[in-house]
Amino acid sequence: AALYPLPEGRRPEPVDTRRRLSEIAAKHRDLYGVLWAVDEADPDGVVEDWLDRNRYKVLDEWRGNVRLALWAAARQPVVTVGRMPVAFGDELQLTSLRYGPGQARPGDTITLEAVWLTSEVAPAADYRVFLHLVDGVGAMTAQRDMAPVGGSARTSAWAPAGAAGRKPGEGEGGGPTERHVDRMGLRVPADAAPGEHRLLLGLYDPATGRRLPVRPAGGGPSA
């Protein structure tokens with residue numbers, strides 16, 4: 001294992017820091033982070049923002065006054081889920097969903113990439129994403145729960161697609177609105193029971209626990 005102290009100076013220079021992270025990531029499949037005093041050392045969050053956008057966050061937990069995190073590389077082979085887009089309430093659309101590997105074993109890491117677009121209605125809350133791995137009878141095997149984009153995004157700050165007269169999915173000049181690429185990782189427990197499992201993805205309001213209803217975009221409620 002190799003150790004890389006980052007940032008190399010307080011208030012890091014963003015371009016050099018991202019270049020350094022890219023070099024490090026090219027040498028290693030998975031990257032562990034031990035984070036402390038981040039507000040002082042990296043107040044703009046350059047290091048963690050790059051990792052959240054270029055790797056899949058599997059772990060993020062406090063151990064005393066230190067955070068331990070793990071960002072994984074995409075697992076192969078990648079499976080692309082069809083029948084997109086899917087609407088979550090009146091506020092968000094899931095336009096792309098990919099995960100890997102297609103067949104996981106106990107102890108493996110599953111990586112998942114979801115791409116969100118806002119609808120004409122601005123998100124009313126800072127929704128959290130949940131990812132559940134359930135067995136054939138619906139019992140929970142593993143789960144992840146965090147804000148989008150590695151825990152760093154506030155959905156209430158995402159501009160609605162209808163801003164400035166745009167239609168959903170269109171930006172200035174008819175181009176796409178901003179895509180919010182959300183990468184998550186989920187570790188399958190080493191003692192997970194064999195057999196077919198399902199991955200379940202959803203959004204909920206942490207203030208109330210209410211899940212956003214799901215339906216095909218442009219269609220009626222799903223079954």
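Biologist: How much accessible surface does the protein have, and what share belongs to carbon and sulfur atoms?

Modeller: About 12500 Å², with 50% belonging to carbon and sulfur atoms. Areas come from the Shrake-Rupley method with a 1.4 Å probe; for residues, only the protein chains shown count as cover. Keep in mind that this is a predicted model: local features need pLDDT of at least 70, side-chain atom pairs count only at pLDDT 80 or more, and totals for chains, interfaces and linings use all residues. Residues are numbered from 1 along each chain as its sequence is written, and side-chain values use heavy atoms, leaving out hydrogens and water.

Biologist: What is the average pLDDT?

Modeller: The protein averages 89, and 90% of the residues score at least 70. pLDDT is the predictor's confidence in each residue, from 0 to 100.

Biologist: Where does pLDDT stay under 50?

Modeller: Over residues 164-176. The model has 22 contacts for that stretch beyond four places in sequence. Contact means heavy atoms within 4.5 Å. Residues 219-223 are also below 50, with 5 contacts in the model beyond near neighbours in sequence. Where pLDDT is low, the predicted coordinates should not be read in detail.

Biologist: Switching to the fold. How many helices and strands?

Modeller: 4 helices and 12 strands. They are DSSP runs numbered from the N terminus: helices are H or I with at least four residues, strands are E with at least two.

Biologist: Which residues of helix α3 are buried?

Modeller: In α3, residues 46-54, they are Val46, Val47, Glu48, Trp50, Leu51 and Asp52.

Biologist: What do they pack against?

Modeller: Two helices, α1 (14-27) and α4 (148-151), are among the partners. The strands β1 (31-35), β2 (56-63), β3 (66-72) and β10 (180-187) are also partners.

Biologist: Now Ala114. Buried or exposed?

Modeller: Ala114 counts as buried because its relative accessibility is 1%. Its place is in strand β7, residues 109-118.

Biologist: Which residues does Ala114 touch?

Modeller: Leaving out residues up to four places away in sequence, Ala114 touches Leu94, Ser96, Leu97, His180, Val181, Asp182 and Leu201. Leu94 is 20 residues apart from Ala114 in sequence, yet 6.9 Å apart in space, C-alpha to C-alpha.

Biologist: Backbone next. Which peptide bond near Pro85 is cis?

Modeller: The one from Met84 to Pro85, with omega near 0 degrees. Pro85 sits in the loop between β4 (79-80) and β5 (86-88). Gly100 and Pro101 are also joined by a cis bond, with omega about -5 degrees. Pro101 is in the loop between β6 (92-100) and β7.

Biologist: What about phi at Arg83?

Modeller: Positive, about 60 degrees, although Arg83 is not a glycine. Most residues other than glycine have a negative phi, and most peptide bonds are trans. Arg83 is in the loop between β4 and β5, and is exposed, with a relative accessible area of 80%.

Biologist: And what is phi at Val149?

Modeller: About 55 degrees, also positive. Val149 lies in helix α4. At 5% relative accessibility, Val149 counts as buried.

Technical notes
Buried means under 20% relative accessible area, exposed over 50%, partly exposed in between (1.4 Å probe, protein chains only).
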